[in-house]
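Dear colleague,

Please find below the structure that I am handing over to you. My findings follow after it, arranged by topic.

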Amino acid sequence: MTATVKKVERVVPDLAMKAYVPAILEGLGVTTRHFVQNLGNLVSGRKKSKRGTEEIATIRYPDEKREYPPRYRGHHRLMRREDDQVRCVACFMCSTACPANCIYIEAGEHEDPTIEKFPVRFDIDHLVCIYCGMCEEACPCDAIRMDSGEHTKPKYSRTDQRVHLVDLLERGGPSIAKQGGRFS
Amino acid sequence: MTTLILYALLKIAGFVLGYVMLTATLLTWIERKQSALAQDRIGPARASIMGLRLGGLLHIPADAIKSFTKEDFIPDTPNPWLFKFAPVIAFIPAFVMFAVIPFGPGDLIISSASFGVLFILAVTGISVYGATLAGWASNSSLSLLGGLRAAAQMISYEVTMGLSLVGIFMVYEDVNLQNVVIRQGSNVLNWGIVTQPLAFFLFLAAVIAETKRGPFDVAEGESELVAGYFTEYSAMRFAMFMLGEFIAIVGVSAVLVTFFLGGWQVPGLEETGGWYTVLQVSAFALKTWFLCWLQLMIRWTLPRFRYDQIMHLGWRILLPLSLLNVLVTGIVLAIIHG
Amino acid sequence: MPTLKINDQEVTVEQGTTVLKAAAETGVEIPTFCYHPGLSAPANCRMCLVEIDGGRGPQLMPACYTQAGEGMDVKTDSPTTKDAQKSVLEFILLNHPVDCPICDQAGECTLQDHYFDYSAQPSRLRHTKVHKPKVKVLGPNIVLDAERCILCTRCVRFCDEVTETHELRVTQRGDHSEITTFPGLDLDNKYSLCTADICPVGALTSRGFRFKARVWNNKRTKSVCDQCARNCSTFVDTLRNDVKRVSPRTNEEVNSWWACDEGRTAFKKYQEGRYLKGVISHEGTTNELAPSDSYHRLGSQLSQTVEAHGGEAVGILIHPSWSNEDIFVAAQFAMEAGFSLYVGGRATDGYEDNILIRGDKNANRYGMNLILEAMGVKHGGVDSLAAAIEAGTIRTLLILDGEHALPESVITSIGQVEKVIALAAWQTPILDAAHVIAPTRLVYERGGTFVNFEGHIQRFHKTQMHDVNILSPWHALSTIARAGGWDMQYDRISDVFAGMAEMVPRFAGLAYQELPDDGVTTVQAASTGAV
Ligand code: SF4
Ligand code: SF4
Ligand code: SF4
Ligand code: SF4
Ligand code: FES
């Protein structure tokens, strides 16, 4: 394999460039143009300038929030069955797939023999999590999702960042995905 | 006698406390808002009193409250006294400068000293100590480096600063600032910026370097020195550094106006007194504000120079140019005056 | 001695060898379900079908059952064979629930493995699957999921051929066939957990291990069961430093493929009342003590008693379930200091069979006798201990391990002993009388060797760890001896073993690090002196 080399012409500065001043004035022109246009918009209350190019790029964050893209991987949530019970069957696929090893599950015996297994504890340590999405990818039951569109909030203590079953379920909604190839 | 003193106090109160302090305080907000607008951002908007935000203007009182109430942290330093005193040294000279600046015709100058220019040069020279001592007394490597950079830079540019003013003295044949302004007259073509255009640019560059503001702000270059010489400062002492910096901006703007933009002169207005004086004082204020705005704009337009570039620019470009300016001025003057 | 070709490779085997074993000899693996080396071969799952040309043209025949014949041509990777394997798997999986997410077998499931290796095709079933009972409790240790059963009948054969208790049977026909117990019978025999082991799928699972862990997360360590004189080879599975499961490790010399339920569930009784600190009881109040301090306490107590009343005044009660190293150090200590040595131990429940379970519930009585005999240490039983206490000759009694079955006479008279001190891993009633207790490690937390009732020596390994400051018994005893002023310089278990191998003729030539996983038999001639 031959490496392709791209030759970049060196810019030889002429006197005007060396004197800086023209370039400085040009730069001042650009910033001043933005300043004046934005000031005009601010004073007149317009959102966009007439040319439609200069637009304020930032938002007033906690008051306004940007929509996350639909595939944003945010706060985990655990989905529920039709009867509101947790869909998760404590199969440990997510915790096995998790590269950060931050999912802690304890399984319990469910009284309904068609469900059998369910998580009595399901903790995710959000300080350790790297939001890779492997867990939702691994889940065979559509039980864990990261589509809440919420990022993890800052908390006052490390232990608070361990989110538990209850919290995860509260964010969850119903899912009717079919399990295990069962028909009926 | 009493009336004289009262009149002097009134001038100090009106000009220094009223105009300068107000401008400097507003500049702390303007700097944030102006840079935001120039960069397509919203800028300060969070501080609010019952939902009233005033475009972030309330950040000024918020900052004041914060500065007064925060812990005044003093690092483990062998020179605590020096550490406490350094911000004062940085703060005072910026203030004192206004004593010799005429803000209106006649006696609208706090001290009409005949050595006005020299006073300004001397006082700006002192402000180097504030930064250097702060860096030294902080007992921190970052602060020390910042202080050293400040010292080297300010001393280098002081030379250019002084030399670029020589042309002005030669043209207007006086060192009393009021006289310089009067000699510039109301004819724009006779103002310093026209008669000494090169000196204007040299002086502008030199004073920006003196105030250690972008693009000459390596002394507090946060990318490598955290905050340079005032890294270890907090609360009110930190605020004094910041306020001193903004007052210095107003100060150098006022000096620039005086030397190069005809001071309080209004173009085409010969008479003084009465409402004319009001107009002229306002002209001074407006010109000064414009230059403050220009300085902020320069800061938010140009990237920071490297330290060696600053030295190169100071000693190998600006200094020869200012000497050349003196030479050319002399020759031209000799030709004109025969 | 027929010679046959397996995948064009010639191999000569004994008359009567199955094709499956012949293939294994050449390194060719044939998938199986129902075949188990310890059971008869009913050839009912058909997973092992391979293409065999015995002279009458190629035919699909079950490798587990077909005997190798002269000139056979076996093809295990021909398209026909592969197709057969795929079809068999599809058939087996037809009604399989595939609840791997909730199935305890997942991760060690033969059906999963074979599916990925030999089938990997999606289900083509477009009808409702046949449903059968789930979570059906068969006995105290076993639960059945009839849907997952592939009807290999390994479990049935186990109960028929190994335990001969005949609890299980296949009922119904066709795809409704189902494993059940005989009416009125529970799957309740001494080896019932083995059915969960041999069940190739998750149909039979252990109730004790159910949902406790996923098998791939477990750490597996080779160990030896210490609950009777058989010394079954085991695997101990731990998760986060907790023992989760004990399962038999195949060892033809000792336990073949099996292990008894009691030994496998014994770890549970040690989970409560574990000593993690030393304990001092004084007039009704108890205080805790750092482990190292408690060893010093024991050492100084012993040296005080010896100084005041002589070595005879110290009674030391050793446990025949302790490893050779522990017993050797205890015996050496007793000899050096002149202590009176007594042998305690667990009581028998009177049950013994000719499968595995021995009446002697102590793991290492054989080894202990070898050591005591070789060293010539005088020792008595618990009865002589009772007599000595009665006679008042024992001032300080050092109880090693709390799991002794003491006769009533000792329990009532133990209060007369001036100081009762103990080195124990967990709380037992007899330790209530102790004034100072120093902690030591459980058998799962330490390494060592046992000699079983047939003279087979095996090494067991550390499977979990609580606190490095808590020492194994041999190490603790050596520390105690040093603290009491005796010369005892053991810091590595291999040194202890080397010292022991020098002294005990039956261990001569053995080295701790080099003992094979399956152990070695120390007996060449008829057993000498062993109980
Ligand atoms: S997002 Fe990734 S790191 Fe976070 S819990 Fe899921 S698998 Fe683990
Ligand atoms: S993979 Fe899904 S079903 Fe399995 S434990 Fe995780 S969340 Fe529960
Ligand atoms: S028996 Fe095997 S294939 Fe069937 S559900 Fe259990 S793990 Fe899955
Ligand atoms: S329960 Fe297990 S061992 Fe018994 S027949 Fe079914 S699959 Fe085979
Ligand atoms: S293993 Fe041969 S038929 Fe089952």
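Predicted model: local features only at pLDDT ≥ 70, side-chain atom pairs only at ≥ 80, totals over all residues.

Over all chains, the count comes to 44 salt bridges.

Chain A and its domains

Chain A is divided into domain 1, covering 13-58, and domain 2, covering 77-171. The C-alpha centres of domain 1 of chain A and domain 2 of chain A are 50 Å apart.

The interface of chain A and chain B

Here 19 residues of chain A are in contact with 17 residues of chain B. The two chains bury about 1700 Å² between them, and 70% of it is on carbon and sulfur atoms. On the side of chain A, the residues that lose the most area to chain B are Leu28(A), Phe35(A) and Arg60(A), which together make up 30% of what that side buries. How many salt bridges are there between chain A and chain B? The count is 0. Polar contacts are found, however: 5 residue pairs across this interface, both residues being at pLDDT 80 or more. By class, the side of chain A that touches chain B has 9 nonpolar, 6 polar and 4 charged residues.

The interface of chain A and chain C

Chain A and chain C each bring 18 residues to their contact. The area buried between them is about 1600 Å², with carbon and sulfur atoms giving 56% of it. Across this interface there are 3 salt bridges. Arg210(C) forms a salt bridge with Glu109(A), in which the closest N and O atoms are 2.6 Å apart. On the side of chain A that touches chain C, the elements giving two or more residues are α3 (93-97) and β2 (103-109) of chain A. Of these, β2(A) gives the most, with 4 residues. That side of chain A divides into 11 nonpolar, 3 polar and 4 charged residues.

The ligand surroundings

Ligand 2 is surrounded by 14 residues, of which the closest are Cys88(A), Cys91(A), Phe92(A), Cys94(A) and Cys139(A). Which classes make up the shell around ligand 2? The shell consists of 14 nonpolar residues, with no polar and no charged ones.

The residues around ligand 3 come from chain C and include Cys100(C), Cys103(C) and Cys109(C), as well as His96(C), Asp99(C), Gln112(C) and Arg148(C). By class, this shell has 7 nonpolar, 3 polar and 2 charged residues.

Ligand 4 also has residues of chain C around it, among them Cys149(C), Cys152(C), Cys155(C) and Cys199(C), together with Thr153(C) and Arg154(C). Its shell counts 10 nonpolar, 1 polar and 1 charged residues. Val201(C) is found both in the list for ligand 3 and in the list for ligand 4.

With kind regards

Definitions and conventions
Residues numbered from 1 in each chain as written. Chains lettered and ligands numbered in written order. Heavy atoms only, no water. Contact = heavy atoms within 4.5 Å. Buried area = accessible area lost by both parts, 1.4 Å probe. Salt bridge = Lys/Arg side-chain N within 4 Å of Asp/Glu carboxyl O. Polar contact = N/O pair within 3.5 Å; in protein donor to acceptor, adjacent residues only side chain to side chain. Nonpolar A, V, L, I, M, F, W, Y, C, P; charged D, E, K, R; others polar. Near = heavy atom within 4 Å. Domains from an automatic or database assignment.
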